[in-house]
Amino acid sequence: MRLVPVRRTTMRPHAWCMDAIEVRAYRHTIETVNSQLEKMGIERLYARTNAGFELKVHATLIALICTNMN
């Protein structure tokens, strides 16, 4: 567990804090894609091998990209 102090304006940001700030700009896009993948059933992908699972995840991502193309 990592304790995170409340950040004040006079405090200098840490390196791990800067990562969170950079991700914040893309958070809406990330949450939208995660929601769409859940609706497509990515949590119910069953595969016997890691390579098979990876193939199914890539196929799902390609299907998601094709459905979101405008």
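Which backbone nitrogen does the side chain of T49 reach at 3.0 Å? The side chain of T49 reaches the backbone nitrogen of G52. The views below come from a predicted model, in which local features need pLDDT of at least 70, side-chain atom pairs count only at pLDDT 80 or more, and totals for chains, interfaces and linings use all residues. Residues are numbered from 1 along each chain as its sequence is written, and side-chain values use heavy atoms, with hydrogens and water left out.

**View 1. Overview of the protein.** The protein has 3 helices and 0 strands, and its elements run α-α-α from the N terminus on. Helices (H or I, at least four residues) and strands (E, at least two) are DSSP runs, numbered from the N terminus. Of the 70 residues, 9% are buried. Buried means under 20% relative accessible area, exposed means over 50%, and partly exposed is in between (1.4 Å probe, protein chains only). The accessible surface is about 6,600 Å², and carbon and sulfur atoms account for 59% of it. Accessible areas come from the Shrake-Rupley method with a 1.4 Å probe; for residues, only the protein chains shown count as cover.

View 2. Helix α2 covers residues 27-39, which is 13 residues. The expected span of a helix is 1.5 Å times one less than its number of residues. For α2 this gives 18 Å, and the end C-alpha atoms are 18 Å apart, so the two values agree. G41 follows α2 and has a positive phi, near 90°.

**View 3. Two salt bridges.** The whole structure contains 2 salt bridges, a salt bridge being a side-chain nitrogen of Lys or Arg within 4 Å of a carboxyl oxygen of Asp or Glu. One joins the side chains of R27 and E31, at 3.8 Å from N to O. R27 and E31 both belong to helix α2 and are 4 residues apart, about one turn of the helix. R27 is exposed because its relative accessible area is 51%, while E31, at 40%, counts as partly exposed. E43 forms a salt bridge with R44, with the closest N and O atoms 3.3 Å apart. E43 has a relative accessible area of 48%, so E43 is partly exposed.

**View 4. A nonpolar patch on the surface.** V23, Y26 and I30 make up this patch, with about 300 Å² of accessible area together. Patches are made of residues with over 30% relative accessible area and no salt bridge; like charges are joined within 9 Å, and nonpolar side chains (Val, Leu, Ile, Met, Phe, Trp, Tyr) within 5 Å. Y26 sits in the loop between α1 (15-24) and α2, and counts as exposed because its relative accessibility is 55%.

**View 5. The loop between α2 and α3.** Both A47 and T49 lie in this loop. A47 is partly exposed at 36% relative accessibility, and T49 is partly exposed at 46%. Leaving aside neighbours within four places in sequence, A47 is in contact (heavy atoms within 4.5 Å) with G52, F53 and K56.

**View 6. T60 in helix α3.** T60 is located in helix α3 and counts as buried because its relative accessibility is 12%. The side chain of T60 reaches the backbone oxygen of K56 at 2.8 Å. Not counting residues up to four places away in sequence, T60 touches L37, M40, I42 and L45.

Technical notes
Polar contact = N/O pair within 3.5 Å; in protein donor to acceptor, adjacent residues only side chain to side chain.
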